Amino acid sequence: MKFTFFLMLGTSALALSAGVATAQDAVDLGEIIIQSEEDPTGPVVGYAAGTTASTKSGRSLLETPSSVTVVTTDQIEDTAANNLSEALGYAAGVVTEAYGADPRFDSISVRGADLQNQIYLNGLQFSRSTRPNYGAPSLDLYGMERVELLRGPNSVLYGAGSPAGLVNLIQKRAQSDGDTTELGLHADGNGSYYVFGDANRVVDDRFAYRIVGKAGNRVLGIDEYDNPGAYLGFAAKYQATDATTVEFLLSYQDDDPDSPSGVPNGLVGSRSDEDLRDFYFGNEALEYGDRKVLNLGAQVTHTFDNGWRLVSNTGVTKFDWSYSNLSVGGVTGTDVARTQLLQDEDVTSYATDLRLEGSALTGDVLHNLAFGIDASRFEESALSVFYYGQDSIDFAAPDYSPITPVRDGASWYANKNVTVEQVGIYASDEIEYGHWRAGLALRHDRNKSEGQSNTLYTVPGSGGTPGTVDLTRDDSATTGQASVGYVWDNGVSAYLSYGTSFQSFAEPGDTGTALDPTTGEQWEVGAKYLPATLDAYLSASVYQLEEKNRPVYVQNGAGVRAYDQVGKSRIRGIELEGRANLADGWSVTGGYSFTDSEIIGGDNNGNELGLTPKHTFKLWASKEIQGGRLAGLTVGAGARFIGERYAFNANANQLDSVTLLDAAVSYDFDDGTELQVNVTNLTDEAYVSSVGYFSTYYGDGRTISATLSKKW
């Protein structure tokens, strides 16, 4: 099915505009507390946001019947978060660094699922592949205003996606309330450095623009792994008429993130974790790359005379990435085998979301209605070649002189070309009756993929094993959400919600055919506290999440990794989270989670899901001294506990629990100048974050960083 975005936008606008109901005369709904008037895409002072843009309605977090985390710019700066994983490091139930420190993409595990391919930018999905386990490229966090985590199924809002949740990045936007400027310099003990700047300018009462930039190099614990590059963001806001607002968003990122090789499994346990974590198993002659990411977006909002709004959100992403890296394999004595991966990717994606929203009264009941249509087109071309049998490296006596690539060993080749189109229509009703709240939303999607994946596995002396998989599929799904809740006058709310999801993959499974779609459903009961007299947000939730046809990696008889689909997984859990800006300069954020996971069916029936700890606990607190000689000094400290978890669904390898400590101190010179020093993993804990089929991955070691900035 071919479709044109401009034609679809025009048609849907006409269809949705027809027959809009005008609200009746006002009816007394009782005392309703308005918790926040903040812009759901704008800046927030402190850690506690009151709204979220990711639910598309902009409603208060107090009245949102799901578990949501909003990480503000202030929290990102205070904890010196460099990437998305670090920004969500203090969110309840989030497990980061599932594959160790890796600047290519952000691995974030929530409710038993890795969300690295469930990343959205400004409400539109941002991806690099149709594969279930491929992560979206890591976008520079300095260009973002907020990081929002929506837990649970959200297909009714966004179409195909994981039932565990999604992450929505909100780009920094032009602000109309005045000119601001920031300039800064950052460096750390690993050798990282970068300069950054942020300038917002108001031209007149109708036009403002903003430019955000950053350039430098982030170096990991091993010097040879770094990410030199630059980011440029541009945003403009134009009040075309009193009723129409146009926002334009652009970002361009050009960098070269290295891919850490990991540590060979055969050495783990025979050498100290510190020595293995800090050892370089690669060779710079075979590790190089070039990545370019361009994003263009436009958002138009028009308000009609009757109060209804038409909102259009459209984005285009162009992604090009070619790179080479070495990975480790078997161990003979102290010699470690190595494999070279050559990868070339070319991805273009288009997405648009058009919705009509407004309010209508039926008696004493207020209906906040939304009707929408969204569509996306994803074009992917990816070539992957593994060359086995590269020169090995001796752990006892490493030789880092440049090596020549080996091309006569066994190799694995994959060439994939696929186009995926999705169109969805949705409708929602957020109901208010006095202090009661209810919600109902339905959506129908059609997801179509066309293309094929060609693979060739070559073994010297025995020829090759070719395979071609037709990735053509035509799937449709209907998903929904329903909820009921109650809001008290003191800022407390309670809710019960149910939601479903689906997800399709244009990727071959171990049977040689394209993977079937997955489906999910979740029940959740929760309570929230968003007081009017205190800048705080507290939440608690209990949930049960089930997913069918979950894809997992297995190793086939030829030694090649392929996908198998688990019959069903069930996750039951508890999540507690809070963030507050308190009196006397205190700011606090943290959370606790209990997660009980089970695989139902298949070879691992009854086992726990891999990389899913039963317990996690996080707490960060900072104190600003507001008087006396030390006025302007802020001290912060945090702890992150990740409980025991299995490396794989087979539950053969159990990873130890770990507690990581962080600290920060900053001084505000009272003229907009601030000097901040952060230490992450204060005790330099050497710990295993995950185990692969051939490699073990360690988490980041201790990093000391300093940031000098000036705002005016």
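## Charge

The mean positions of the 50 positive and 94 negative charges of the protein chain lie 2 Å apart. Lys and Arg count as positive, Asp and Glu as negative; His and the chain ends are not counted. Each charge is placed at NZ of Lys, CZ of Arg, CG of Asp or CD of Glu.

## Basis

This is a predicted model: local features need pLDDT of at least 70, side-chain atom pairs count only at pLDDT 80 or more, and totals for chains, interfaces and linings use all residues. Residues are numbered from 1 along each chain as its sequence is written, and side-chain values use heavy atoms, with hydrogens and water left out.

## Overall fold

The protein chain has 5 helices and 36 strands. Both are DSSP runs numbered from the N terminus: helices are H or I with at least four residues, strands E with at least two. The C-alpha trace spans about 85 × 70 × 50 Å along its principal axes.

## Surface and contacts

Of the 712 residues, 55% count as buried (under 20% relative accessible area; exposed is over 50%, partly exposed in between; 1.4 Å probe, protein chains only). The protein chain exposes about 28600 Å², and carbon and sulfur atoms supply 56% of it. Areas come from the Shrake-Rupley method with a 1.4 Å probe; for residues, only the protein chains shown count as cover.

Contact means heavy atoms within 4.5 Å. Among contacts with a separation of 6 or more, 66% join residues 24 or more positions apart.

## Nonpolar cores

A nonpolar core is a set of buried Ala, Val, Leu, Ile, Met, Phe, Trp, Tyr and Cys residues joined through side-chain atoms within 4.5 Å. The largest has 49 residues; Leu84, Leu88, Val147, Val167 and Leu169 touch the most other members. Beyond four places in sequence, the contacts of Val147 include Thr69, Ile76, Leu141 and Asn168. Another core, of 16 residues, lies apart from it and includes Leu61, Leu62, Val156 and Val487.

## Two residues

Arg104 sits in the loop between strand 2 (95-96) and strand 3 (108-110). Arg104 is buried, with a relative accessible area of 12%.

Leu633 belongs to strand 29 (residues 633-642). Not counting residues up to four places away, Leu633 touches Lys623, Glu624, Ile625, Val665, Ser666 and Tyr667. Its C-alpha atom is 62 Å from that of Asp408, 225 residues apart along the chain.
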